[in-house]
Amino acid sequence: MPYLLNIVYGLLLLVFLPKLLFGALFAGKYREGFAAKFLGRAPRREGDRRCVWFHAVSVGEVRALRTVLEEIQHRRPQWQCAVSTTTRAGMQTARSLYPDQLLFYCPLDFTWATGRALRRIRPDLLALVELELWPNLVHQARKRGVLVALVNGRMSPRSYRGYQRMRFFVRRIFEQIDGFAVQNEAYAGRFRSLGADAARVVVTGSVKYD
């Protein structure tokens with residue numbers, strides 16, 4: 001399955017290549033961090049402290065991490081946190097809010113990129129913020145003995161309908177996730193309905209308010 005996904009992702013890149021090139025050349029979009037994403041060129045983490053890798057796709061998710069990172073620093077000051085993001089705006093926000101954390105662009109979901117990033121970051125836990133389900137990233141993490149969690153999880157009715165059409169595929173991803181910390185009971189019900197183990201789903205409230 002991971003290598004089949006590589007082929008699918010490669011075909012999608014070819015399809016969208018003209019748009020990507022146009023955006024890079026004339027609008028400056030996609031240019032920053034693309035090589036790092038494609039090659040999994042994350043910074044090499046030094047030392048042997050326990051590490052949590054948070055992946056927050058863009059500005060909203062990056063901002064939502066603030067209380068979580070502060071709480072970890074308060075309760076587990078010996079731990080190290082790494083934060084990845086996908087968009088340029090998300091990275092700019094992360095650099096502004098968390099200048100002392102290990103920051104990098106999340107690798108594209110190819111096996112070579114995700115594997116290399118995991119080798120360089122060496123996390124004990126991969127925490128996906130809200131609903132970032134990248135199958136190769138999850139698979140490569142579990143292959144290396146890294147725990148995987150979803151934090152501040154949410155799933156809109158529209159997303160739920162889309163995932164229902166891929167229930168078998170989504171269930172296989174959910175089986176590899178050790179814990180689901182979700183914002184409310186409605187979201188929890190949707191995760192359970194799609195195959196998340198009920199014992200692993202916990203309603204925590206939103207990290208913005210609770």
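**Cores, salt bridges and a pocket in a predicted model**

Leaving aside neighbours within four places in sequence, phenylalanine 180 is in contact (heavy atoms within 4.5 Å) with Leu150, Phe174, Phe191, Ala196, Arg200, Val201 and Val202. The model is a predicted one: local features need pLDDT of at least 70, side-chain atom pairs count only at pLDDT 80 or more, and totals for chains, interfaces and linings use all residues. Residues are numbered from 1 along each chain as its sequence is written, and side-chain values use heavy atoms, with hydrogens and water left out.

Phe180 also belongs to the largest nonpolar core, which has 35 residues. A nonpolar core is a set of buried Ala, Val, Leu, Ile, Met, Phe, Trp, Tyr and Cys residues joined through side-chain atoms within 4.5 Å. Buried means under 20% relative accessible area, exposed means over 50%, and partly exposed lies in between (1.4 Å probe, protein chains only). The residues with the most contacts inside this core are Trp53, Ile121, Met155, Phe174, Ile177, Phe180 and Phe191. A second, separate core has 16 residues, including Val62, Cys81, Leu103 and Val129. In soluble globular proteins, nonpolar side chains tend to be buried together.

Across the chain, buried residues make up 47% of the 210 residues. The secondary structure comes to ten helices and seven strands. Helices (H or I, at least four residues) and strands (E, at least two) are DSSP runs, numbered from the N terminus. Among contacts between residues at least 6 apart in sequence, 65% join residues at least 24 apart. The chain exposes about 11,300 Å², and carbon and sulfur atoms supply 57% of that area. Accessible areas come from the Shrake-Rupley method with a 1.4 Å probe; for residues, only the protein chains shown count as cover.

Six salt bridges are counted. The rule asks for a side-chain nitrogen of Lys or Arg within 4 Å of a carboxyl oxygen of Asp or Glu. One of them joins arginine 154 and glutamate 130 at 2.7 Å, N to O. Arginine 154 lies in the loop between β5 (147-153) and α8 (157-164), and glutamate 130 in the loop between β4 (125-129) and α7 (135-143), so the pair ties together parts 24 residues apart in sequence. Glutamate 130 is buried, at 8% relative accessible area. Arginine 154 is partly exposed, at 35%.

Aspartate 178 and arginine 142 form another salt bridge, at 3.6 Å, N to O. This pair links distant parts of the chain: aspartate 178 sits in the loop between α9 (167-174) and β6 (179-182), and arginine 142 in helix α7, 36 residues apart. Aspartate 178 is partly exposed at 28% relative accessibility, and arginine 142 is partly exposed at 33%. Arginine 200, one of the contacts of Phe180, meets aspartate 197 in a salt bridge at 3.9 Å, N to O.

The second largest pocket holds about 550 Å³ of space. Of its 23 lining residues, the closest to its centre are Phe54, Val68, Ile72, Leu125 and Val151. On a 1 Å grid over the protein atoms alone, a pocket is an open set of points where a 1.4 Å probe fits, with protein on both sides within 12 Å along at least five of seven lines; lining residues have an atom within 4 Å of a point. The volume is the space filled by probe spheres set on the points, which are joined across faces, edges and corners. β1 (51-55), α4 (66-75), β4 and β5 each supply at least two lining residues. α4 gives the most, with five.
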